[in-house]
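Thanks for coming. I have one structure to go through today, so let me put it on the screen.

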Amino acid sequence: NASGTILASWHGDTRYYAASTMKLAVAMAVLQRIDHGAWPLDLALPATHQWHSGAGGMFGMDDEDVDPLFPAAGESITIRELVNTMIERSCNESTNMLMELVGIDAIHNICRQCGMRDLHVDRLIGDVAAARATGISNQVTTDDLSSLMVQAVRGDWLTTQSTDFLRAALRRQQFPVIAPILPELPGNENAADIDWGSKSGWVDGIR
């Protein structure tokens, strides 16, 4: 609940591949740097479709992971748009641009601040070469994800302005996993009126 008390847990400390759920930690790291004055939220950057691999060299996204709405290389996109599209439609290109902007260490730092025990983000989305060469894998547990979400929406580590911005993006999640289940829960007959938000992720066998 909002105080951080765990009401129910199922295999809460089992590690899973993080998929897109780790994008919440990326968003928090970027917004924290903005709160500290590193960049303005509306700073425009040139869109890119190539990123630095943890195994060396550059890599691009596999066709099935490409966001067709992402701007062409060199076109302008703001940090605000990158965060919104990363959360709302789980855009991988936006995620990788933000991860290269903020750096892996900043994401590690926000995870430490939030007391994450097992959640770790060590490589960019789609960096298959790094995964094969080094075995690096972004991993999470359901307990850590729940705790991270509580701290995000409470605004424990961000300014009120950044917290409100992140909450709004989470409310616009276009791949809702939680919302369709709400009407099925006891006492939620008026589920349409429930204020909800999420950051989903999925890979074969895990949702």
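A definition before anything else: when I say helix, I mean a DSSP run of H or I of at least four residues, numbered from the N terminus. With that in place, helix α1 is followed by G37, whose phi is positive, near 90°. Please keep in mind throughout that this is a predicted model.

Now the chain as a whole. There are seven helices and six strands. In sequence order the pattern runs β-α-β-β-β-β-α-α-α-α-β-α-α. The C-alpha trace spans about 50 × 35 × 30 Å along its principal axes. The radius of gyration is 17 Å, which agrees with the value near 17 Å that a compact globule of 207 residues would have. Of those 207 residues, 43% count as buried. If we take contacts between residues at least 6 apart in sequence, 72% of them join residues at least 24 apart.

Back to α1, residues 23–35. This helix has 13 residues and reaches 18 Å from first C-alpha to last, close to the expected 18 Å at 1.5 Å a residue. How many of its 13 residues are buried? Eleven are, so the helix is mostly covered, where buried means under 20% relative accessible area. The buried set begins with K23, L24, A25 and V26, carries on through A27, M28, A29 and V30, and ends with L31, Q32 and I34. Which helices do these buried residues pack against? The partners are α2 (79–88), α3 (92–102), α4 (104–113), α6 (142–154) and α7 (160–171).

Next, the second largest pocket. About 520 Å³ of space lies in it. Its lining is made up of 21 residues, and the closest to the pocket centre are S20, D65, N92, I125 and W202. Sorted by class, the lining holds nine nonpolar, eight charged and four polar residues.

Is L182 buried or exposed? L182 is buried, because its relative accessible area is 11% and the cut-off for buried is under 20%. L182 and I194 are twelve residues apart in sequence, and their C-alpha atoms lie 8.4 Å apart in space.

That is what I have on this one.

Terms used:
Residues are numbered from 1 along each chain as its sequence is written. This is a predicted model: local features need pLDDT of at least 70, side-chain atom pairs count only at pLDDT 80 or more; totals for chains, interfaces and linings use all residues. Side-chain values use heavy atoms; hydrogens and water are left out. On a 1 Å grid over the protein atoms alone, a cavity is a set of points where a 1.4 Å probe fits but cannot get out, and a pocket is an open set with protein on both sides within 12 Å along at least five of seven lines; lining residues have an atom within 4 Å of a point. Grid points are joined across faces, edges and corners, and a volume is the space filled by probe spheres set on the points. Ala, Val, Leu, Ile, Met, Phe, Trp, Tyr, Cys and Pro count as nonpolar, Asp, Glu, Lys and Arg as charged, and the others, Gly among them, as polar. Helices (H or I, at least four residues) and strands (E, at least two) are DSSP runs, numbered from the N terminus. The expected span of a helix is 1.5 Å times one less than its number of residues. Buried means under 20% relative accessible area, exposed over 50%, partly exposed in between (1.4 Å probe, protein chains only). Contact means heavy atoms within 4.5 Å. The radius of gyration is taken over C-alpha atoms; the globule rule is 2.2 Å times the number of residues to the power 0.38.
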